[in-house]
Amino acid sequence: MKTLDDAWRWYHDTRTNLQRLNRLARRYWKYLPWDGPLGRDDDFRLLESPAVLAETAFSLEFLDDLAVVVLFSVFEQTVRGHVHGEVATAATDIRHPALQDAAADTLRVIEVGSFARVMEPYKEGHADLVTVP
């Protein structure tokens, strides 16, 4: 996932489909046409309603927590990409070898370093946006 819209869509679609499958197992499982192709499908023919109910309920229980991690991860990558672009653009004007080396190190930190370190320069005048009170 590359965008917050993609991450949100993943969360919404996953939650919706887990809820649908849970409802199907809870209300309609015994009415499904098991005597046709569905009953011959190896992925479905041995499934029992209680197992599907338990598995979907378990997945739904932790989905919100996982979504927070995914959404923050995508947000972090978005911020890193923006900051990296700004620094890379500014670095093209640097001519001194020592400063070019420092700019390259800074770009590496932005790519893979601590997110707190990436945000550190923005504390000046915007501490409320980059720190937790």
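Predicted model: local features only at pLDDT ≥ 70, side-chain atom pairs only at ≥ 80, totals over all residues.

Colleague: Start with Asn22. Why is Asn22 called buried?

Modeller: Its relative accessibility is 13%. Buried means under 20%. So Asn22 counts as buried.

Colleague: Where does Asn22 sit, and what is it in contact with?

Modeller: Asn22 is in helix H1, residues 4-28. Setting aside neighbours within four places in sequence, Asn22 contacts Leu53, Thr56 and Ala57.

Colleague: Which residues of H1 are buried?

Modeller: Ala7, Tyr11, Arg15, Leu18, Asn22 and Ala25. Helix H3 (49-91) is among the elements that cover the buried residues of H1.

Colleague: How do you know that the end-to-end span of H1 agrees with its number of residues?

Modeller: H1 has 25 residues. At 1.5 Å a residue, they should span 36 Å. The end C-alpha atoms of H1 are 35 Å apart, which agrees.

Colleague: On to the rings. How many aromatic pairs does the structure hold?

Modeller: Six.

Colleague: What makes the pair of Phe58 and Phe62 edge-to-face or stacked?

Modeller: Their ring centres are 5.0 Å apart. Pairing needs centres within 6.5 Å. Their planes stand at 65°, and over 60 degrees counts as edge-to-face. So the Phe58 and Phe62 pair is edge-to-face.

Colleague: Why are Phe58 and Phe62 separated by about one helical turn?

Modeller: Because they are four residues apart in helix H3.

Colleague: Are Phe58 and Phe62 exposed or partly exposed, and what makes them so?

Modeller: Phe58 has 51% relative accessibility. Exposed means over 50%, so Phe58 counts as exposed. Phe62 has 41%. That lies between the 20% and 50% cut-offs, so Phe62 counts as partly exposed.

Colleague: What about Phe75 and Phe115?

Modeller: Phe75 and Phe115 also form an edge-to-face pair, with 6.4 Å centre to centre and 80° between the planes. This pair links distant parts of the chain. Phe75 is in helix H3 and Phe115 in helix H5 (residues 115-119), 40 residues apart.

Colleague: Which residues form one aromatic cluster?

Modeller: Phe72, Phe75 and Phe115.

Note on methods. Residues numbered from 1 in each chain as written. Heavy atoms only, no water. Helix = DSSP H or I, 4+ residues; strand = E, 2+ residues; numbered from the N terminus. Buried < 20%, exposed > 50% of the residue type's maximum accessible area, 1.4 Å probe, protein only. Contact = heavy atoms within 4.5 Å. Expected span 1.5 Å × (residues − 1). Phe/Tyr/Trp six-rings, centres within 6.5 Å; stacked < 30°, edge-to-face > 60°.
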